[in-house]
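Please look through this structure with me, point by point. Keep the sequence and the 3D view open as you read.

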Amino acid sequence: MRDSHTLQVLVVDDSADIRFMLRMFLEDAGMEVCEASSGIAALARLDDASSRPDVVVLDQRMPELTGLEVARALVARADHPPLVLFSAYLHPVLQAEAQELGVATVDKTDLPALIDVLRDTAGIAA
C-alpha cells in the first residue's frame with residue numbers, strides 16, 4: 001500500500017459540469033484530477049503510459065462509448081488502472097456486468113463513498 005503518493009484520478013464524463021464538480025470535490029480530498037470528455041478521449045489518454053492515472057472514474061451514459069464499454073476495452077489490455085463506474089443508473093444487471101469485469105461501482109449521489117472507493121481501489125491510505 002502506498003501512503004505518500006497523491007492519488008491521480010482520471011474523470012471520464014461527457015458533462016463538463018459533472019467533471020468540474022468532481023474535480024473540485026476530489027482535489028479538496030487531496031487528489032490530482034485529469035479529465036476526459038468521452039470514452040474515446042479516455043482510451044486515447046490511457047494509451048500514453050507517461051500520464052497514466054492511479055484510477056479511472058467512468059460515467060456510464062456517454063455518447064459513442066458507455067462507461068462499461070470503456071471498461072471492457074481497458075480490461076482487455078494487459079495492464080490497466082483500477083476502474084470505478086460512477087453513475088446514477090446502476091441497475092442490478094449493470095452492477096453485475098461491472099463486477100464481472102472487476103469494476104467497482106458507486107452511485108452518483110454518494111460522493112463520500114466515491115472517495116472511499118477510490119482510495120481502496122488504488123490501495124492508497126487516507
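This is a predicted model: local features need pLDDT of at least 70, side-chain atom pairs count only at pLDDT 80 or more; totals for chains, interfaces and linings use all residues.

1. Helix α2 spans residues 39–46, and helix α3 spans residues 67–75. Their axes lie 10 Å apart and pack at an angle of about 25°. Angles under 35 degrees count as roughly parallel, so α2 is roughly parallel to α3. The crossing of α2 past α3 is right-handed.

2. Which residues of α2 and α3 meet? From α2 come Gly 39, Leu 43 and Leu 46. From α3 come Val 70, Ala 73 and Leu 74. Sorted by class, this contact of α2 with α3 has 5 nonpolar residues, 1 polar residue and no charged ones.

3. The angle between α3 and α4 is about 15°, and their axes are 10 Å apart. Roughly parallel means under 35 degrees, so α3 is roughly parallel to α4 as well. Here α3 passes α4 in a left-handed crossing.

4. The α3 residues in this contact are Leu 68, Ala 71, Arg 72 and Val 75. They face Leu 94, Glu 97, Ala 98 and Leu 101 of α4. The class count for α3 with α4 is 6 nonpolar, no polar and 2 charged.

5. The next pair is α1 and α5. Helix α5 covers residues 111–122. The axes of α1 and α5 come within 11 Å and cross at roughly 60°. Their crossing is right-handed.

6. What classes of residue make up the contact of α1 with α5? Helix α1 brings Met 21, Leu 22, Phe 25 and Leu 26. Helix α5 brings Leu 111, Pro 112, Leu 114, Ile 115 and Leu 118. That gives 9 nonpolar residues, with no polar and no charged ones.

7. Next, the cores. The largest nonpolar core holds 20 residues. Leu 10, Val 12, Val 56, Leu 58 and Leu 85 have the most contacts inside it. Strands β1 (8–12), β2 (32–36), β3 (55–58) and β4 (83–87) are among the elements that give two or more residues to this core. Helix α3 gives the most, with 4 residues.

8. Setting aside residues up to four places away in sequence, Leu 58 touches Val 12, Gly 67, Val 70, Ala 71, Val 84, Leu 85 and Phe 86. A second core of 18 residues is separate, and includes Val 9, Phe 86, Ile 115 and Ala 122.

9. Is Val 103 buried or exposed? Val 103 sits in the loop between α4 and β5 (104–107). Its relative accessibility is 5%. The cut-off for buried is under 20%, so Val 103 counts as buried. Beyond its neighbours within four places in sequence, Val 103 is in contact with Ala 71, Leu 83, Val 84, Leu 85 and Ala 98. Thr 121 is 18 residues from Val 103 along the chain, and their C-alpha atoms are separated by 9.4 Å.

10. Compare two residues of helix α1, which runs over residues 16–28. Arg 19 counts as buried, at 12% relative accessibility. Asp 17 counts as exposed, at 64%. Not counting residues up to four places away in sequence, Arg 19 touches Val 11, Asp 13, Asp 14, Glu 35, Ala 36 and Ser 37. Asp 17 and Met 31 are 14 residues apart in sequence, and their C-alpha atoms are 18 Å apart.

11. Last, check one backbone angle. Glu 64 is not a glycine, yet it has a positive phi of about 70°. Glu 64 is placed in the loop between β3 and α3. Its relative accessible area is 62%. Exposed means over 50%, so Glu 64 is exposed.

Technical notes. Residues are numbered from 1 along each chain as its sequence is written. Side-chain values use heavy atoms; hydrogens and water are left out. Axes are lines fitted to C-alpha atoms, for helices over the stretch in contact, and angles run from 0 to 180 degrees between N-to-C directions. Angles under 35 degrees count as roughly parallel, over 145 as roughly antiparallel, 65 to 115 as roughly perpendicular and the rest as oblique. A crossing is left-handed if the near helix is turned anticlockwise from the far one by less than a right angle, and right-handed if clockwise. Contact means heavy atoms within 4.5 Å. Ala, Val, Leu, Ile, Met, Phe, Trp, Tyr, Cys and Pro count as nonpolar, Asp, Glu, Lys and Arg as charged, and the others, Gly among them, as polar. A nonpolar core is a set of buried Ala, Val, Leu, Ile, Met, Phe, Trp, Tyr and Cys residues joined through side-chain atoms within 4.5 Å. Buried means under 20% relative accessible area, exposed over 50%, partly exposed in between (1.4 Å probe, protein chains only).
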